[in-house]
Amino acid sequence: MADFTQNPNVQNFERYNSDGTKKKEKKSGKGGRKFGVFFVVLLVFAVFLLGNCMVVTKQNQFKLIRQFGRVDRVVSEPGLSFKLPFVESIDTVPKELLIYDLPASDVITSDKKTMIVDSYVLWRVTDPLRFAQTLSCSVKSAEGRIDAIVYNATKNTISNMKQDEVIRSRDGKMTITVDESGAELSGNDLDLSEGKEEVIEITSLTEEVMGQINHVENQYGIELVAVEVKKLDLPDDNKQAVYTRMISERGNIAAQYTAEGKSEAKMIENTTDKEVSIMLSDAKAKAEATVAEGEAEYMRILSGAYADPEKTDFYSFVRALDALKESVVGDNKTVILTEDSPITQIFNGRY
């Protein structure tokens, strides 16, 4: 029998042995491909199964492991943990400090004045299990509850305060004017000469609001760290009217201060004029007394001089010289005296 396996011109896929029997072909290629596909599928499934088992918790997260919808455990420490695949599911709850900007709202004070309050809240989750039970792990739901709670607390706080008290308690400090005894002076009895300003610590508006919302943590598993007021303003429709009234009130206070200042100035001026008049009168009296004393002394000296014959000629000579000096005025220094003139007689030694 011819061996067709050795003939290259014969195209036949069948191979025969030397004894005429067919050769058995090896099917290793097709079987290897099937095994490779199965291995890849198995590897992908293993990776998927492993990924479904692992729970990665970050520093700013809580992980809630649910089993058939019920929270089985809470992972609060960062790191890697595991769960049952397809049986347990994961909810993520934020652990970091969150900020919620409340929309601006209108509130009414106790004196029926409308004000606009714009504030924000810093909050965080402290009890993730209660947070999941009450708010279904929803940050939006938590912000909705915070909005209602903070608005009600703000409204209740401001409704018990007057408008000026709300404004003064904005930053927890208030400037007052007190007298020497420490009593507070009102706007009608301010004494600028004695009053002084002091800054005192008061309960701020945010502290008053925070005092009414301390129940939130126990109810929803969250903590409101701080409530801060960004803006405290008046509505646009009555802002101008309020400004006009405030300007009028400040004008009245300024007019009162001006009137009090003028009155005080007039009192000081009258007192000063009186003191000056008294001082001038005393000075004139003293001057007249001194002049009188001087004239009396002069007359005493003069009478004593004329009473002594030895001094009479000398004083007469001196007086003649003084009279001559007074008579010589201007540029003309020539004096013409008659022979019988008392001055001539004094110069001639005949007086």
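**Briefing: cores, surface patch and confidence**

Leaving aside residues up to four places away in sequence, Phe131 touches Val93, Trp123, Val125, Ser136, Cys137, Ser138, Val139, Ala142, Tyr220, Gly221 and Ile222. The model in which these contacts occur is predicted. Phe131 is also one of the residues with the most contacts inside the largest nonpolar core.

**Nonpolar cores**
- The largest nonpolar core comprises 25 residues, and Val121, Trp123, Phe131 and Ile146 have the most contacts inside it.
- At least two residues of this core are supplied by each of strand E2 (61–67), E6, strand E8 (114–125), helix H2 (128–135), helix H3 (139–159) and strand E11 (222–233).
- H3 contributes the largest share of this core, five residues.
- Another core, of 10 residues, lies apart from it and includes Val107, Met115, Met161 and Val229.
- In soluble globular proteins, nonpolar side chains tend to be buried together.

**Surface patch**
- On the surface, a nonpolar patch is formed by Phe35, Phe39, Val40, Leu43 and Val44, which together have about 530 Å² of accessible area.
- Leu43 is part of helix H1 (residues 28–53).
- Leu43 counts as partly exposed because its relative accessibility is 47%, a value between the 20% and 50% cut-offs.

**Confidence**
- The average pLDDT of the chain is 78, and 74% of the residues score at least 70.
- Confidence is highest in strand E6 (residues 98–101), at a mean of 94, and lowest in strand E9 (residues 173–178), at 55.
- The pLDDT is below 50 over residues 1–13, a stretch with six contacts beyond near neighbours in sequence.
- Residues 187–193 also have pLDDT below 50, with seven such contacts.
- Where pLDDT is low, the predicted coordinates should not be read in detail.

Technical notes
Residues numbered from 1 in each chain as written. Predicted model: local features only at pLDDT ≥ 70, side-chain atom pairs only at ≥ 80, totals over all residues. Heavy atoms only, no water. Patch = residues over 30% accessible without salt bridge, like charges linked within 9 Å, V, L, I, M, F, W, Y side chains within 5 Å. Areas by Shrake-Rupley, 256 points an atom, 1.4 Å probe, with all protein chains shown as cover. Salt bridge = Lys/Arg side-chain N within 4 Å of Asp/Glu carboxyl O. Helix = DSSP H or I, 4+ residues; strand = E, 2+ residues; numbered from the N terminus. Buried < 20%, exposed > 50% of the residue type's maximum accessible area, 1.4 Å probe, protein only. pLDDT = per-residue confidence, 0-100. Contact = heavy atoms within 4.5 Å. Core = buried A, V, L, I, M, F, W, Y, C linked by side-chain atoms within 4.5 Å.
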